[in-house]
Each structure stands twice: as structure tokens, then as C-alpha cells.
Amino acid sequence: MTDTNDIQGRARRVLVTGTAGFIGFHLAQLLLAEGFQVHGYDGLTDYYDVNLKRRRHQMLLQHPGFQATEGMLEDEEKLWAVAEGFQPQVIVHLAAQAGVRYSLENPRAYIDSNIVGTFNVIEAARKLEVEHLLMASTSSVYGANEDMPFTEIERTETQLTIYAATKKANENMGHSYAHLWNLPTTMFRFFTVYGPFGRPDLALFKFVDAILDGRPIDIYNNGEMYRDFTYVTDLARAIRLLIDAPPVRPDSADAIEDGDSLSPAAPFRVVNIGNSDKIRLLDFIEAIERELGQEAIRNYMPMQMGDVPATWADASLLQRLTGYRPQTDYRDGIAQFVTWFRNYYQK
């Protein structure tokens, strides 16, 4: 791991978008603990409970190395003023309009945030000539692909939702800027992320909340769903390590190792961050029931529009680049979440 100070001996500066969000909060905590200076940029939108978002920022603001600005990604002037003033060496772009299902109801929000907003972030990175731009993508870009585990070098042309399509567009935008401006860019594809301070719209949160309240839970595709569940602090650790692994434009396509997604035309790479294991949704639910000591009232449903029956990451490239791969067992991760949930909501 490289030194967290720059050549003048000052703490390295990382601009993180989405620090009031689930993943951004955990990443910022880790970076601050390792001595980085972090500036968070977040719109604190009401897509879900704003109080939870504010609580995350309040916790981060207890650290002297953290400062935050509330603003939308689409506000180009505000975002640029923050970036220019902070002068980060690294930008980690996590903020986005999230949620696969919400994209069926309000697709325009995804265009505004994920396309226009991400373009503004990339432009800021170009102007500042940052050492490394890292941006969040998603396993949803694999779309209708059925060959598993998913690898970064397979084709991804069959996105099934506007959310996934905007994230694939982000990958393409990032590649073009990496090529044109020699901007080292890493896109990471997240797989189903869970853990303490998780989003209320995610399955684990909804299941625990409903079971404790005696409400039924909706189980899609009659439970025949498989997900590569990734614990959030494992994900944050992977991003932290990838900061120190900026891609370098290869001399030729022949110089790229087998299995590496490094572009032959740019300092650009895509990396899966997952647990390298697919867990049956019904096994995940049974683990929740055991942890709560309470059975769920199950409402079996057909497959939801735009959803996929399975995700499963090949995370060998991440391990090759960083020496690390997520491996928290889903039962341990559920236990950690339930402890947090009961304490936070007093249930």
C-alpha cells in the first residue's frame, strides 16, 4: 500500500461523490482512518430517508479530515467550484440515482444524475488532471448474459433497465476521456452490496424491517434468485486498494495479460468487486430468519420486469491487481447488519 501523503508531505486529497450514501459513507470512513483528506459531495436527495443520509454525514464530520458540500451532480458550476478549491489528486465517483426498480418509474432521474452528472465529474477530473479517476458501475451492465461467473472481458450489450444502460454509458464515457486525455480511469462493477447503514430500498433492509414488524416479504421469481452478496466494508477496502492501482496505457494489445480488461487504446480498466460466490435468495432469507429468531411471512411473486435471475462475479482481476478479494460470509454479514438495525431503530 502506498503512502497516504503526497510529495510535499501533506495528506493526499480524495474527492468522493455520494458520501451521504451507503457505500460512499463506508469508503470515506476507511479513507479518513488511513489519513486521507476527504471532501464529500452529495445531493442528499429524498429517494430514501434523508435522515439516514444526514446521520452518515454527521458521523463523518466528527473527523477533522472530512468536509462536505451539499449539491447535485447536475450543478456543473457548484461541482467545479468544489473540485477546483479542494484540488484532489484522486476522484472516486459513487453518487448516482440508484435502484433498478425505481428506474421503471422515473427514468429521467437516471439521465440527469447518471449521464449529465457523471459527465460533469469526468470533466472536472480532466481539468484537474487527477492521478486517478475511479467510478462506480454495476453488475446490472451484464444484463441478459448467462455465462457465469461474469468476467470483465465479456461483451456487455444487453442491459435490461435504463439504470443499467446509464451505467454502461458511464463506462463508455470514461473510456473515451481516458483515451483522449490520458486520464487513468478505473470503473468498478458492484455486485449486491449489503451491511450496516444500508439503504432502506435494498432487500436485506426491507426483509429485516418487515419480519420484525410481522409484515409479509415479497420474494420474486418464487425464490429462484441467486446473488453475489458483497459486504460493504469489503467493497470499501477493494476501492481503497484500487486507488493505488491506476491503469497505464499499454504499448500494444499484446502487452495486456490474459483476463485483464485493460483497454488497448487508453489507461482504462473495468474491475468486478464481488464475493465470487452466488447465494440462493431463499438461503439468504433463512439466514435472516435464524438471526432474528423469527420466521418471515413469505409472499412469492413472479420475476419483476427488468430483473435477472442470477449474478455472480469473477473477482480474480481484483485479486491480481490488489492482492485482495471480498470474502465475508453472508451469514456473518447479516448478523452485523441485524445488530446495527436493532440498535439504530430500537427494534
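Which residues of helix H11 are buried?

## Helix H11

In this predicted model, local features need pLDDT of at least 70, side-chain atom pairs count only at pLDDT 80 or more, and totals for chains, interfaces and linings use all residues. Residues are numbered from 1 along each chain as its sequence is written, and side-chain values use heavy atoms, with hydrogens and water left out.

The buried residues of H11 are Tyr330, Gly333, Ile334, Phe337, Val338, Trp340 and Phe341. Buried means under 20% relative accessible area, exposed over 50%, and partly exposed in between, with a 1.4 Å probe and protein chains only. Helices (H or I, at least four residues) and strands (E, at least two) are DSSP runs, numbered from the N terminus. The cover over the buried residues of H11 includes helix H2 (50-60), helix H7 (203-213) and helix H9 (281-292), together with strands S7 (193-194), S10 (230-231) and S12 (279-280).

H11 comprises 16 residues (330-345), which should span 22 Å at 1.5 Å a residue; the end C-alpha atoms are 22 Å apart, in agreement. The expected span is 1.5 Å times one less than the number of residues. Glutamine 346, with a positive phi near 55 degrees, follows H11.

## Nonpolar cores

A nonpolar core is a set of buried Ala, Val, Leu, Ile, Met, Phe, Trp, Tyr and Cys residues joined through side-chain atoms within 4.5 Å. The largest has 66 residues, of which Val92, Leu94, Phe188, Phe190 and Ile239 touch the most other members. Apart from it lies another core of 25 residues, including Ala83, Leu128, Tyr177 and Phe268.

Beyond its neighbours within four places in sequence, leucine 94 has contacts (heavy atoms within 4.5 Å) that include Val16, Ile23, Leu27, Phe188, Phe190 and Ile239.

## Cavity

The structure holds 1 cavity of 30 Å³ or more. On a 1 Å grid over the protein atoms alone, a cavity is a set of points where a 1.4 Å probe fits but cannot get out; lining residues have an atom within 4 Å of a point. Grid points are joined across faces, edges and corners, and a volume is the space filled by probe spheres set on the points.

The largest cavity has a volume of about 60 Å³ and is lined by Glu76, Leu79, Trp80, Asn120, Glu123, Ala124 and Lys127. The largest share of this lining, 4 residues, comes from H5.

## Backbone features

The peptide bond from methionine 148 to proline 149 is cis, with omega near 0 degrees. Proline 149 occupies the loop between strand S5 (132-138) and helix H6 (162-181).

Glutamine 87, which is not a glycine, has a positive phi of about 55 degrees and is partly exposed, at 38% relative accessible area.

Conventions
1 Å grid on protein atoms, 1.4 Å probe; cavity = no way out; pocket = protein on both sides within 12 Å on 5 of 7 lines; lining within 4 Å.
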